[in-house]
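Dear colleague,

I am passing on the structure we spoke about, with the sequence alongside. Please look through it first, and then read the notes that follow it.

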Amino acid sequence: MGSLLRRLYLLYHELRPGGSSYSYVVGTGMFERQMDLYVQLRKTENSGLWPEITFDDGHISNIEFAAPILESRGLVARFFITVGWTGKKAGYMGWPELRSLHESGQTIGAHGWTHTLLTHCSEKELQVELGDARRTLEDKLGASVTTMSLPGGRYNRRVLAACAEAGYTQIYASIPRAESDGSGPLIGRLNIRGDMQLAWIASLFEPGSTVLSSLERQYRVKAAAKTLLGDRMYARLWAALNRKEPDTDGGDDAV
Ligand SMILES: [Zn+2]
């Protein structure tokens, strides 16, 4: 189904009933309306794009709120887990939760070991962030893991080579663009923020919409600014402009 369609992968992090002003958080009511939209879009013939759902970080709300909402609509999402946080960091899923998510038919992938930006890692650190993360997930879940998403969306040629070396065949980034089947190992995604309106999200999927290509252009300008300023300077600047603390994803809004 949908094999000739281009796909748009959506990226979520945390859900909260009632929402939050924090841009990574989507309200559960809004999330339900978005899932209903995706179900509807998948039914529509000649729909512009096929929606796919992903979650980064492994927040506890993924199993508490997202899983039941997905399950009630027959939707399967990809959950990318920061393996070193599992069972260790407050507010994130432990192994029993991950096993239950996996057993309910949802897909589990890796999101590094410590959530550090992979572009800053030595070769040895990359082995932990990529290789150890994958092996630990596979051991604990008793399943093969071949997908990962990049912390902070950050990558370069060396990181992509290390991902392939560690056995990942699909690498999810934060470049807002649609993907054709078999378009390569690097897969773009659109980060869904809590303040995005349903009608605006729906407009992305309309045949001939130019919203996505303008988002991709903005993303490329920002990525160039990061390269120019360096990650730390960019994070401080971003935090100052947005009047909030840089977060665990390096103060970026494309995790
Ligand atoms: Zn992340």
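In these notes a residue is called buried when its relative accessible area is under 20%, exposed when that value is over 50%, and partly exposed in between. Please also keep in mind that this is a predicted model.

By that scale Glu123 is partly exposed, because its relative accessible area is 47%, and Arg158 is likewise partly exposed, at 32% relative accessibility. Glu123 forms a salt bridge with Arg158, in which the closest N and O atoms are 2.7 Å apart. This pair links distant parts of the chain, since Glu123 lies in helix 4 and Arg158 in helix 5 (residues 157–165), 35 residues apart. In general, side chains of opposite charge can pair when their charged atoms come close.

The structure holds 13 salt bridges, and a few others deserve a description. Glu32 forms a salt bridge with Arg73, with 3.5 Å between the closest N and O atoms. Here, too, distant parts of the chain are linked, with Glu32 in helix 1 (residues 28–43) and Arg73 in the loop between helix 2 (61–72) and strand 5 (78–81), 41 residues apart. Glu32 counts as partly exposed at 32% relative accessibility, and Arg73 is partly exposed with a relative accessible area of 23%. The side chains of Arg193 and Asp195 also meet in a salt bridge, at 3.2 Å from N to O; Arg193 is partly exposed, with a relative accessible area of 28%, and Asp195 counts as partly exposed at 48% relative accessibility.

On the side of helix 3 the contact is made by Trp95, Leu98, Arg99 and His102, and on the side of helix 4 by Thr136, Leu137, Lys140 and Leu141.

A separate spatial relation concerns Gly84, which is placed in the loop between strand 5 and helix 3 and counts as partly exposed at 21% relative accessibility. Gly84 and Val128 are 44 residues apart in sequence, and their C-alpha atoms are 10.0 Å apart in space.

On the surface, Leu228, Leu229, Met233 and Leu237 form a nonpolar patch, with about 420 Å² of accessible area together. The elements that give two or more residues to this patch are helix 7 (211–229) and helix 8 (231–242). Leu229, found in helix 7, is partly exposed, with a relative accessible area of 39%.

Lastly, there is the backbone to consider. Most residues other than glycine have a negative phi. Asp57, however, has a positive phi of about 95° although it is not a glycine. Asp57 is found in strand 4 (residues 49–57) and is buried, because its relative accessible area of 6% falls under 20%. His115 has a positive phi of about 70°, again without being a glycine. The place of His115 is in the loop between strand 6 (107–110) and helix 4, and with a relative accessible area of 4% His115 is buried.

How values were computed:
Residues numbered from 1 in each chain as written. Predicted model: local features only at pLDDT ≥ 70, side-chain atom pairs only at ≥ 80, totals over all residues. Heavy atoms only, no water. Patch = residues over 30% accessible without salt bridge, like charges linked within 9 Å, V, L, I, M, F, W, Y side chains within 5 Å. Areas by Shrake-Rupley, 256 points an atom, 1.4 Å probe, with all protein chains shown as cover. Salt bridge = Lys/Arg side-chain N within 4 Å of Asp/Glu carboxyl O. Helix = DSSP H or I, 4+ residues; strand = E, 2+ residues; numbered from the N terminus. Buried < 20%, exposed > 50% of the residue type's maximum accessible area, 1.4 Å probe, protein only. Contact = heavy atoms within 4.5 Å.
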